[in-house]
Amino acid sequence: MQPLSLATSLATSLPARPATEARQREVLASLDFDDRADFDAARRGFVGTIPDAQIKTARGFTVWDLAPYRFLDEETAPPTVNPSLWRMSRLNAIHGLFKVTERIYQVRGFDIANITFIEGDTGLIVIDPLTCEESAAAALALYRQHRGDQPVRCVIYSHSHADHYGGVRGVIGDVDVREGRVQVIAPEKFLEEAVSENVLCGVPMGRRSQYQFGTFLAPGPRGHVDSGLGKAMGRGTQGLIPPTRVITQARERHVIDGVAIEFQLTPGAEAPAEMNFHFPQLRALNLAENACHTLHNLCPLRGAKTRDALAWSRYLDEALTAYVPQVDVVFAQHHWPLWGQETIHRFVAEQRDLYRFLHDQTLRLMSHGLTATEIAEQMLLPRGLASRWHARGYYGAIVHNVQAIYAHYMGPYDGNPFNLHRLPPAEGGQRYVESMGGIDAVVERARQAVESGDFRWAVQLMGHAVFAHPERADVRSLAAEAMEQLGYQAESATWRNAYLLGASELRQGVLPIAGKANRIAPDVIACLPVESFLDYLAIRVRGADAAALSLRIDWFVADEAASHRLTLSNGALSHGPGRHGEAADLVVRATRSALAQVLRADSAAAPLLTTHGVDVQGDEALWQRFLACLDTFEPGFSIVTP
């Protein structure tokens, strides 16, 4: 959670316009806000907490603090926040240690995710040690304060997203694992998936994540209120300890410190590598992140591989049949548990139906020739789902989930040749503006749209105007106002965050800290397969500059007994295990630590590849020509302006 000094100022934010206030009243009238069951469930089993869930580093740097969110104590939503999102934001502000059932405890509200403690015969099984080690350590300390100083015997990663493994060193150490005192369990392909999306796509995904999570928005009724799955992403020290046991079977049962666990693999659902857990002795079911109190993402705004809605619904159906009849509580790694057979069955069945309905209806309408945009515009959930709080789109949204399903099967092209080769935004914006009578005419039309409450059309108009005339402050200001109103209206926390951060950057520009926030954790790099490092090196090759360069490299990692054969030809860098031998133009020997420095998202590869950690034998001039072809990235690139 960012220090407020790094957050964008809300001084330039505007109040809700009458059209937005009317929209909020419609939401209030359409949903049952008298239903308090979720608040009761979120507080059930409360054991204790720390003031404002405030967590600091040893040097006093605040990594988590809910004090800035005290404005959520108000029951009634202000007109600048969708009332449904306000309700979820208040639920996600409930924090502390909670008893789920006998031998199962959770700490919630110390991070965007939950950490779960299972009491074994001789110690603890920890599920998902949060994003940062400071938060994980604070959660463990809170548990021990109330339940005793039990040792950690096992850590389980439910899936391959950083908020579920990054804080592992807050609960265990490397020596514990190396000497066999603690085992680390993860689903098949966990390690590959944990590092792949954070390395190959790390720069653009990191920047777009700032929009998804509203990283630099100050908390407040006109700013950051929530992230849908939890309050916000944690800030602190991230790491990764590789698993010592990998679950490979669709259903696999183990007894860990006296606790029987059946693992249900769910690859391709909420994460490429993920699993649910059934605890038959404890009559409990953990659905990881496959069933939370929200419509989830089938492709998050930050970007990712599209998720398989059909597989997702099938995994939930399997859990409904195989496990739900045998449990008294269902819980997950976000939000709060539910108790009682009837309640659990309905929840899991409705979550299953949610993803199945979106999948099937999208494909049905695709078969009528509708595009993703057309389908999303008319897609409505049945009243039986739409009226259920846990099916509302606080994190995902129907619109971009439909687009994800369409892209999953059909790719990004909608089949219409009109859209086959569109002009890029800046050039297209200029042409649109010229065709509509010039920039002043476009601004006037957009101003009229804002006055009438037609904010979607105003944003669409001003998108062209901003890319045609980014230098005009009045253009950016009007675009920001329209975007801000859409943010105020959004039920999805991620949509709100994207709109409001976009409005902020239109007014103030990109914060200098934006690029520096996109760094890859050294511990993650230390676990990275060398093949993945070489893939990352390959995407830094400027193809046009390297097109005339032919190069063969034998690459050795000094602390591993393996060699890798690199071939640069036609501007493409290929690699595989083995050696070129005497035919190699260059022989490179590098340490793991040197590779870690190269992979820092905000670093230039070329200077770091000439450090003392890299030894190069062969044609020095050829090596320098290769380095000169390597690109550097600006992680704080513009999004809402050219």
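A residue counts as buried when its relative accessible area is under 20%. Keep that cut-off in mind, because Gln489 has a relative accessibility of 10% and therefore counts as buried. The model I am showing is a predicted one.

Let me stay with Gln489 for a moment. Gln489 sits in helix H16. Which residues does Gln489 touch, leaving aside its neighbours within four places in sequence? They are Ala19, Thr20, Arg23, Gln24, Asn82 and Phe455.

Helix H16 covers residues 473–489, and Arg476 is found there too. With neighbours within four places again set aside, Arg476 is in contact with Val466, Pro470, Glu471, Leu506 and Thr641. Now take His146 as a reference point. Arg476 and His146 are 330 residues apart in sequence, and their C-alpha atoms are 53 Å apart in space.

A general point comes first. An α-helix has 3.6 residues a turn, so residues three or four places apart point the same way.

Start with helix H13, residues 425–435. Its buried residues are Gly428, Gly429 and Val433. Seen down the axis of H13, these fall within an arc of 135 degrees, so they line one face of the helix. Just after H13 comes Gly437, with a positive phi of about 100 degrees.

The N-terminal end of H24 is capped by Asp619. A side-chain oxygen of Asp619 lies 3.0 Å from the backbone nitrogen of Ala621.

Last, the empty space inside. Rolling a probe the size of a water molecule over the atoms shows where empty space is left. How many cavities of 30 Å³ or more does the structure hold? There are 5. The largest cavity has a volume of about 130 Å³. Its lining is made of 16 residues, and those nearest its centre are Asn92, Ile94, Arg108, Gly109 and Asn114. By type, the lining of the largest cavity divides into 8 nonpolar, 5 polar and 3 charged residues.

Notes:
Residues numbered from 1 in each chain as written. Predicted model: local features only at pLDDT ≥ 70, side-chain atom pairs only at ≥ 80, totals over all residues. Heavy atoms only, no water. 1 Å grid on protein atoms, 1.4 Å probe; cavity = no way out; pocket = protein on both sides within 12 Å on 5 of 7 lines; lining within 4 Å. Points joined across faces, edges and corners; volume = space filled by probe spheres on them. Nonpolar A, V, L, I, M, F, W, Y, C, P; charged D, E, K, R; others polar. Buried < 20%, exposed > 50% of the residue type's maximum accessible area, 1.4 Å probe, protein only. Helix = DSSP H or I, 4+ residues; strand = E, 2+ residues; numbered from the N terminus. Arc of directions from axis to C-beta. Polar contact = N/O pair within 3.5 Å; in protein donor to acceptor, adjacent residues only side chain to side chain. Contact = heavy atoms within 4.5 Å.
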